[in-house]
Amino acid sequence: MNGKPSSSAKFGTRFRVVLVQPEKDGNIGSIARSMRNFGLKDLCIVSPMTPVGDEAYRYATKGREILRKARIVETLSDALRGIDLVVGTTAIVGTSSRNILRLVIDPSQLASRVAGTTHSVALLLGRESTGLSNRELQECDVIVSIPSSEEYNVLNVATAASIVFYELYKVRRMRPRSLEPSPLSIDRLVSVFNQLADVADLPSHKKRLADRAFRNVLAKSIISRREVSLIMGVLRKARDKTHASLNPTGK
């Protein structure tokens, strides 16, 4: 044996399930149980509103070990350390294309997007009563929502978690692409895009929306390292030519 982790082991540690201020310990336990069902191991709880007590362990059944090893942290930033891609969940979908923050994909689209990468992924699940706040969603690269009845579209958080876990589990054996861009190269691409937005002299709120839209496009696409390099080259040329035309003396 070569001692290398199996594909199942890599799958289990690549995804971090982050519960943001959960309010019911039964749901915490149910999510741990579902994680065990679908091979996930890394659970992080942000500032829980309830102790992780006996009821959580009763609901967890075979997922008790996941609960025992779960990390409890004070802030979302603490929970996201070491993560490449942040995925938020919401039941509130934007009804207008102008609502950039609430433009969503479904769990199967998420699974297709992340199956071909080796990035570490955080799956954010919000409070039972109010979900994730707009500020927390701003921290996300991708927003996921589960299609459901218009008459009653709010799923129990543990049920929603199970659906997302299942979709990810289905595609776990897809071979990661070796030519995926690094998170750093994506950040550099976004930085050059924002420099062009600065040159365009857009109002600050439109620059924020453009930044969000560009990040959305990159996060939802299956973009290769080569594609990032080519786009970066074009944007840099445009930036440099624009600066040269605005400063012909080189000052």
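This is a predicted model: local features need pLDDT of at least 70, side-chain atom pairs count only at pLDDT 80 or more; totals for chains, interfaces and linings use all residues.

A: Residues are numbered from 1 along each chain as its sequence is written, and side-chain values use heavy atoms, with hydrogens and water left out.

First, the setting. The protein has eleven helices and six strands. Helices (H or I, at least four residues) and strands (E, at least two) are DSSP runs, numbered from the N terminus. Of the 251 residues, 41% count as buried. Buried means under 20% relative accessible area, exposed means over 50%, and partly exposed lies in between (1.4 Å probe, protein chains only). A contact means heavy atoms within 4.5 Å. Among the contacts with a separation of 6 or more, 84% join residues 24 or more positions apart.

Now the strand itself. Strand 5 covers residues 121-125, and five of its five residues are buried, so the strand is largely enclosed by the rest of the structure. Both of its faces are covered. Val121, Leu123 and Leu125 lie on one side. Ala122 and Leu124 lie on the other.

Strand 5 has partners. Two strands pair if DSSP finds at least two bridges between them. Strand 1 (residues 15-20) pairs with strand 5 in the parallel sense, over five bridges. There, leucine 19 stands opposite leucine 125. Strand 4 (residues 85-89) also pairs with strand 5 in the parallel sense, over four bridges. In this pairing, glycine 88 stands opposite leucine 124.

Next, the packing. A nonpolar core is a set of buried Ala, Val, Leu, Ile, Met, Phe, Trp, Tyr and Cys residues joined through side-chain atoms within 4.5 Å. The largest such core has 39 residues. Val17, Ile31, Leu43, Leu110, Leu123, Phe165 and Leu168 have the most contacts inside it. Helix 8 (residues 157-170) gives this core its largest share, seven residues. Apart from that core lies another, of 16 residues, among them Val18, Leu124, Leu132 and Cys140.

Leucine 123 deserves a look of its own. Leaving out residues up to four places away in sequence, leucine 123 touches Phe15, Arg16, Val17, Val18, Val87, Leu110, Phe165 and Leu168.

The 14 residues of helix 8 should span 20 Å at 1.5 Å a residue, and its end C-alpha atoms are 20 Å apart, which agrees. The expected span of a helix is 1.5 Å times one less than its number of residues. At the N-terminal end, asparagine 156 caps helix 8. A side-chain oxygen of asparagine 156 lies 2.8 Å from the backbone nitrogen of alanine 158.

Asparagine 27 is found in helix 2 (residues 25-37), and at 11% relative accessibility it counts as buried. Setting aside neighbours within four places in sequence, asparagine 27 is in contact with Glu128, Asn156, Val157 and Ala158.

Helix 2 has 13 residues and reaches 19 Å from its first C-alpha to its last, close to the 18 Å expected. Its buried residues are Asp25, Gly26, Asn27, Ile28, Gly29, Ile31, Ala32, Ser34 and Met35. What covers them includes strand 1, strand 2 (42-46), helix 3 (54-60), helix 4 (64-69), strand 5 and helix 8. Just after helix 2, glycine 39 takes a positive phi of about 75°.

Last, the charged pairs. A salt bridge is a side-chain nitrogen of Lys or Arg within 4 Å of a carboxyl oxygen of Asp or Glu. A search of the whole structure finds nine. Aspartate 78 and arginine 81 meet in one of them, at 3.1 Å, N to O. Arginine 81 is exposed, with a relative accessible area of 57%. Lysine 207 forms another with aspartate 198, the closest N and O atoms being 3.2 Å apart. Lysine 207 is partly exposed, at 25%. Aspartate 198 is partly exposed, at 46%.

Key:
A polar contact is a pair of N or O atoms within 3.5 Å; within protein, one must be able to donate a hydrogen and the other to accept it, and residues adjacent in sequence count only if both atoms are side-chain atoms.
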